[in-house]
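Visitor: Please bring up the structure, and then I shall go through it with you piece by piece.

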Amino acid sequence: MPILDGIVDSIYRYSDYRTYLKDWFESEKKHRTALSYRWLGGKLGVDGAALVRVFRQERHLHEKHIPALCQILKLGKRETEYFGTLLLFSKARSPQEVRTHFERLMALRDVGARELEAEQYEYYRRWQNSAL
């Protein structure tokens with residue numbers, strides 16, 4: 001996901017919590033030069049080297065670190081729930097777990113639906129129109 005004007009994009013645009021973390025870290029590092037993996041790991045009670053492996057997508061964070069991390073990330077309640085669900089989605093192993101967490105992510109994204117005008121309905125009624 002892109003970082004626009006030094007600000008990380010909305011968490012709801014991410015499908016992997018580690019990608020979000022990496023983008024957040026890169027964005028914050030521009031403004032807070034003292035930010036480091038060691039500092040962040042210390043705040044979470046995680047070894048800095050282990051945190052590097054999370055950022056490299058080699059390991060996962062434990063769920064117990066979500067509240068403290070989301071506080072550092074300055075995420076709201078709904079964003080924190082989304083972040084936690086992203087973590088569970090990334091760690092899911094069975095198709096049922098993947099589906100359950102994916103459905104929760106979509107519900108938290110709250111993708112707005114709207115009514116279509118008659119012309120719009122006619123256009124989208126046939127899948128061939130939008131495929132071509």
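**Residues, helices and core**

Visitor: Where is Arg104 found?

Guide: Arg104 lies in helix H6. Helices here are DSSP runs of H or I with at least four residues, strands are runs of E with at least two, and both are numbered from the N terminus. Before we continue: this is a predicted model, in which local features need pLDDT of at least 70 and side-chain atom pairs count only at pLDDT 80 or more, while totals for chains, interfaces and linings use all residues. Residues are numbered from 1 along each chain as its sequence is written, and side-chain values use heavy atoms, with hydrogens and water left out.

Visitor: What is the relative accessible area of Arg104?

Guide: The value is 34%, so Arg104 is classed as partly exposed. Buried means under 20% relative accessible area, exposed means over 50%, and partly exposed is in between (1.4 Å probe, protein chains only).

Visitor: And which residues does Arg104 touch?

Guide: Setting aside residues up to four places away in sequence, Arg104 touches Glu81 and Thr85; contact means heavy atoms within 4.5 Å.

Visitor: Let us step back. How many helices and strands does the protein have?

Guide: There are eight helices and two strands. Along the sequence they follow the pattern β-β-α-α-α-α-α-α-α-α. Of the 132 residues, 33% count as buried.

Visitor: Which residues have the most contacts inside the largest nonpolar core?

Guide: They are Tyr17, Leu21, Leu40, Leu61, Leu69, Leu73 and Phe83, in a core of 28 residues. A nonpolar core is a set of buried Ala, Val, Leu, Ile, Met, Phe, Trp, Tyr and Cys residues joined through side-chain atoms within 4.5 Å.

Visitor: Which helix gives the most to this core?

Guide: That is H1, with five residues. H1, H2, H3, H4, H5 and H6 each supply at least two. As for Leu73, its contacts beyond four places in sequence are Tyr20, Leu21, Trp24 and Phe83.

Visitor: At what angle do H1 and H5 pack?

Guide: Helix H1 (residues 17–31) and helix H5 (residues 77–91) pack at about 125°, and their axes are 8 Å apart. The axes are lines fitted to C-alpha atoms, for helices over the stretch in contact, and angles run from 0 to 180 degrees between N-to-C directions. H1 is therefore oblique to H5; angles under 35 degrees count as roughly parallel, over 145 as roughly antiparallel, 65 to 115 as roughly perpendicular, and the rest as oblique. Tyr17, Tyr20 and Leu21 of H1 meet Phe83, Leu86, Leu87 and Ser90 of H5.

Visitor: Which residues of helix H2 are buried?

Guide: In H2 (residues 37–44), the buried residues are Leu40, Gly41 and Leu44. Seen down the axis of H2, they fall within an arc of 100°, so they line one face of the helix; the arc is that of the directions from the helix axis to the C-beta atoms. Arg38, Gly42 and Lys43 are exposed on the other side of H2. The cover over the buried residues of H2 includes H1, H3 and H4.

Visitor: What does Val54 touch?

Guide: Val54 sits in helix H3 and counts as buried at 4% relative accessibility. Residues up to four places away aside, Val54 touches Tyr17, Arg18, Leu21, Arg59, His60 and Leu61.

Visitor: One last topic: what is the phi of Gln57?

Guide: Gln57 has a positive phi of about 65° although it is not a glycine. Most residues other than glycine have a negative phi. Gln57 is in the loop between H3 and H4 and, at 39% relative accessible area, is partly exposed. Lys74 is another residue other than glycine with a positive phi, near 60°. Lys74 is in the loop between H4 and H5, and its relative accessible area of 71% makes it exposed.
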